[in-house]
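Thanks for asking me to look this over. My notes follow as numbered points, so please have the sequence and the model open beside them.

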Amino acid sequence: MQSLTLPKFAANPPPPFFFRCAAHAPHRHSISLSLQSENNITETMDRLTSAARLMIVSDLDHTMVDHHDPENLSLLRFNALWEANYRNNSLLVFSTGRSPTLYKELRKEKPMLTPDITIMSVGTEITYGNAMVPDNGWEECLNHKWNRNIVTEETSKFSELKLQSETEQRPHKVSFYVQKDKAEEVTKALSTRLAERGLDVKIIYSGGMDLDILPQGAGKGQALAYLLKKLKSEDKLPVNTLACGDSGNDAELFSIPDVHGVMVANAQEELLQWHAANAKGNPKIIHATERCAAGIIQAIGHFNLGPSTSPRDVTDLLDSKESVDPAYEVVKLFLFFEKWRRGEIENSEANLAKMKDFCCPSGAFIHPSGVEKSLQDCISSLRTCYGDKQGKQFRIWVDQVIPVQVGSDSWLVRFKRWELSGEEQQCRLTTVLLSSKDVSVAQGLKSMYVHQTWLDGAAAAKEDSSTCFF
């Protein structure tokens, strides 16, 4: 069985540079920090050394992603919650009917996080990490009593079936459109014909129009069962698993034993009918009252799976000092910056003072352009860009926030810092050095150093590095 691989930073980083901070006087010492490149994040190996605290397995369209929410607020709320509280010790799995091509298109359109595992093409493809390394063992499982040529031949005899785009035709999935009033009749007739030809297939109708033909052993549910079995074999079975969906092809996810499930508020009739017939009395499956990602957050709280208050829902963000948590501090920092530029928090010296209190007096910031400024000067320069994005489409979110303790009182935190301005997305690979030296829980952590580089080396010529420095 292929070993489960998850993303981490490269074992062999680029040459280091050094930074000193007076906060450690009188014992001043240099801390080696690695310049980031995309390779630091795309390398894959076992990230979790023990069982995941929580594994969320979520459909994308109309579940994690709300296509009727132009501001993507529920998705951004989930992003902040996950990166602040779960990324470092949990697993995020996207389970979508989309092919790899359409999945990648969605990632360019929406402010999505990077999952640890991606299940695509209605459970017929499983990949791991940023590099989306395929699970060859799963592909071998699906070959039993499957012949794509026979499927293509038999389906051509049904005029009611309209072939979907070429990108949606996969080695173990043949996909069509069919009118809702024809779906049941076609499904029954087609099942009989394919069985007569010696195949063992599964036909899934979802979304009121999509008909997918898969090997009998495929599907979102079987893919999840396969993952759980693999994790168990490595003594990494998650403490809790939460499955999330909205349509018929998600029903299988809720059939896996010992898995919590949430049907989001906007779940389609076909899934609600399945639930009424098969799982109405199951207390582990709920129908949320919130749409899409907000329903997922609601389910986390309902089942007591962990923190369920997103940092985006905290009004006194800078005053929130419940614990010394590097990931939470990073999420707060960039969320403050977004709200500052959108003019959603008060333009006051008190707020700037709180931000300065978060920074080491001699700390430094390195902009992707190579310009270096003190962190304190960067905070002071925020006066010039207050509210400059008010009323505009502007969002900031962080992805793959992984803190590593590098000393008794210091953490190196690496992540992707994404910015959406209008329709343009930009990403900076970011390294932050945080310290708890000589500070209390009430004071939080101090930012000693921030370094950013453009993702894939792409420069943003339109941005003036002298303003909006963060």
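1. Helices (H or I, at least four residues) and strands (E, at least two) are DSSP runs, numbered from the N terminus. The model is a predicted one, where local features need pLDDT of at least 70, side-chain atom pairs count only at pLDDT 80 or more, and totals for chains, interfaces and linings use all residues. Residues are numbered from 1 along each chain as its sequence is written, and side-chain values use heavy atoms, with hydrogens and water left out.

2. Let me start with helix α10 and helix α11. In their contact, Leu 333, Phe 336 and Trp 340 of α10 meet Asn 351, Leu 352 and Met 355 of α11. These residues divide into 5 nonpolar, 1 polar and no charged.

3. How do the two helices lie? The axes of α10 (residues 326-341) and α11 (residues 349-357) come within 12 Å and cross at roughly 155 degrees. That makes α10 roughly antiparallel to α11. Axes are lines fitted to C-alpha atoms, for helices over the stretch in contact, and angles run from 0 to 180 degrees between N-to-C directions. Angles under 35 degrees count as roughly parallel, over 145 as roughly antiparallel, 65 to 115 as roughly perpendicular and the rest as oblique. The crossing of α10 and α11 is left-handed; the term applies if the near helix is turned anticlockwise from the far one by less than a right angle, with right-handed used if clockwise.

4. Helix α2 (residues 73-85) and helix α9 (residues 292-302) have axes 7 Å apart and pack at an angle of about 40 degrees. The two are therefore oblique to each other, and α2 and α9 cross in a left-handed way. From α2, the contact takes in Ser 74, Leu 75, Arg 77, Phe 78 and Leu 81, and from α9 it takes in Cys 292, Ala 293, Ala 294, Ile 296, Ile 297 and Ile 300. By class, the residues in the contact of α2 with α9 are 9 nonpolar, 1 polar and 1 charged.

5. Next come α5 and α6, whose axes come within 10 Å and cross at roughly 135 degrees. This pair is therefore oblique as well, and α5 passes α6 in a right-handed crossing. On the α5 side are Ile 150, Val 151, Glu 154 and Thr 155, which meet Leu 190, Arg 193 and Leu 194 of α6. The contact of α5 with α6 has 4 nonpolar, 1 polar and 2 charged residues.

6. Arg 197 lies in the loop between α6 and β12 and Glu 153 in helix α5 (residues 148-155), so the pair links distant parts of the chain, 44 residues apart.

7. Please also look at the open sheet of 4 strands, with order β10-β11-β13-β12 and antiparallel pairing. Two strands pair if DSSP finds at least two bridges between them. The edge strands, β10 (162-163) and β12 (201-206), each pair on one side only. Helix α6 (residues 180-196) packs on this sheet, touching β12 and β13 (210-215), and its direction makes about 175 degrees with that of β12.

8. Within that sheet, 2 bridges join β10 to β11 (residues 174-177), with Lys 162 opposite Tyr 177. Between β11 and β13 there are 4 bridges, and Val 174 stands opposite Ile 213.

9. Finally, an open sheet of 6 strands runs in the order β18-β17-β22-β21-β20-β19, with mixed pairing. At its edges stand β18 (372-374) and β19 (394-407), each with a single partner strand, so one side of each is left without a neighbour in the sheet. Neighbouring strands here are turned by 15 degrees against each other on average, direction ignored. The antiparallel strands β19 and β20 (residues 410-421) are joined by 11 bridges, and Gln 405 has Trp 411 in β20 as its bridge partner.

Definitions and conventions. Contact means heavy atoms within 4.5 Å. Ala, Val, Leu, Ile, Met, Phe, Trp, Tyr, Cys and Pro count as nonpolar, Asp, Glu, Lys and Arg as charged, and the others, Gly among them, as polar.
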